[in-house]
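Please study the sequence and the structure, then work through each solution in order.

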Amino acid sequence: MKNWKIPLYKIYTDEEDVNLITKIIKRGSNWAIGPEIEEFENAISNYVGVDYCTVLNSGTSSLHATLLACGLGSGDEILVPSFSFVSTANSVLFVDATPSFVDIEEKTFGLDPELIKEKISPATKAIIPMDYGGMSCQISEIKEHAENNNLLLIEDGAESLGSSVGGRKVGSISDATIFSFCGNKVLTTGEGGAVVTNQKNIYDKIKLIRSHGRLDQTNYFENPSSSQYLDLGYNWRMSSITAALGLTQLSKLEKIIKMRKNNADYLSSKLSKLSQIKVPTSPNGYDHIYQMYTIRLPDKSTRDSLHDFLTERQIFSKVYFTPIHNTSFYSQKFGNNGNSLPITEKISEQVLTLPLYPNMTVEEKDLLVETIYEFFETEIHQ
């Protein structure tokens, strides 16, 4: 394991996290299906401003469960971005549907609403846009196309719990939205996920799917009677300890977001002076919570060289994302399949995600900035 001077992320914790986890451990029961599950679900739905929330063991199972709950499957085409984490497209294959890749726009790095119109076919049943790095895609424009064509809108908000667009929280606009609480997210429980929706039928179905298709009126582990199994389901439940972490992290989410924004502003004020770097910005009406601090470089060669330079100096950076359609699995399974995704391919060759976390010190930020300046000074003199 490399000894990083600056890691890509650090998790913000305090005594509140430790105390609640300790309390659950010491009670010696209800480590699964404890009261914290419902408390966390209610807290998320209240925060986002929706009627229902179901928590699961990961963002990926949350998306998989949502597609199942919506009845999507064989013969259905689902529009997805290639500029995303691979699970966005994988989840479509999990239900035996077909992913159809749509190019992104450069304003938010989300699906291009204008190109969605061109991609809709008689087989298209749903759209899964992705919110990149802590900022919403053009979700209202995408929703208009979904409604006009009677398509389901399932938002991959894995990276963007806490952000908003037009004054509305991510998760409050689509038919259903999934969140991830993986280790590098703004709100993290190590692993975990959630689905939020205003549609009771989706909510009820996901509750069955996440727990073996079982209808639980009471806690399964405290119920002496036999259970009813109404459907095929999986074991995708979140543990009580995980949910407790979620509750304590959610209680300080606004504080964490403010710290991230302050650090992003500091880095941008320094790095924007370099003409070769385009720092992340948010369009008018979009609230960026900086789950990732991603810069754009002029070309792939410069990006890759900077990435290597930082790694050599023990500063972690990473490319988010390489196009899904170009991965070995997808290119072998689908070939080019008529994909023309010039913006996806351009952006993926220019982006580099730099370290950013709430309690990043001034010394760490300055070291990052100075190292990047050093790289460009070295480049100029070569």
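**Exercise 1.** Identify which backbone nitrogen a side-chain oxygen of Asp-14 approaches at the start of α1.

Solution. A side-chain oxygen of Asp-14 comes to within 3.1 Å of the backbone nitrogen of Glu-16, at the start of α1. The model is predicted: local features need pLDDT of at least 70, side-chain atom pairs count only at pLDDT 80 or more, and totals for chains, interfaces and linings use all residues. Residues are numbered from 1 along each chain as its sequence is written, and side-chain values use heavy atoms, with hydrogens and water left out.

**Exercise 2.** State how far α1 reaches and what follows it.

Solution. Gly-28 follows α1, with a positive phi near 75 degrees.

**Exercise 3.** Determine which residues of α1 are buried and which exposed residues lie on the face turned away from them.

Solution. First, the buried residues (under 20% relative accessible area, 1.4 Å probe, protein chains only) are Asp-17, Ile-21 and Ile-24. Seen down the axis of α1, the buried residues fall within an arc of 60 degrees (of the directions from the helix axis to the C-beta atoms), so they line one face of the helix. Next, the face turned away from the buried side carries Glu-15, Lys-23 and Lys-26, which are exposed (over 50%). Finally, the cover over the buried residues of α1 includes α2 (35-48) and α8 (240-251).

How values were computed:
Helix = DSSP H or I, 4+ residues; strand = E, 2+ residues; numbered from the N terminus. Expected span 1.5 Å × (residues − 1). Contact = heavy atoms within 4.5 Å. Polar contact = N/O pair within 3.5 Å; in protein donor to acceptor, adjacent residues only side chain to side chain.
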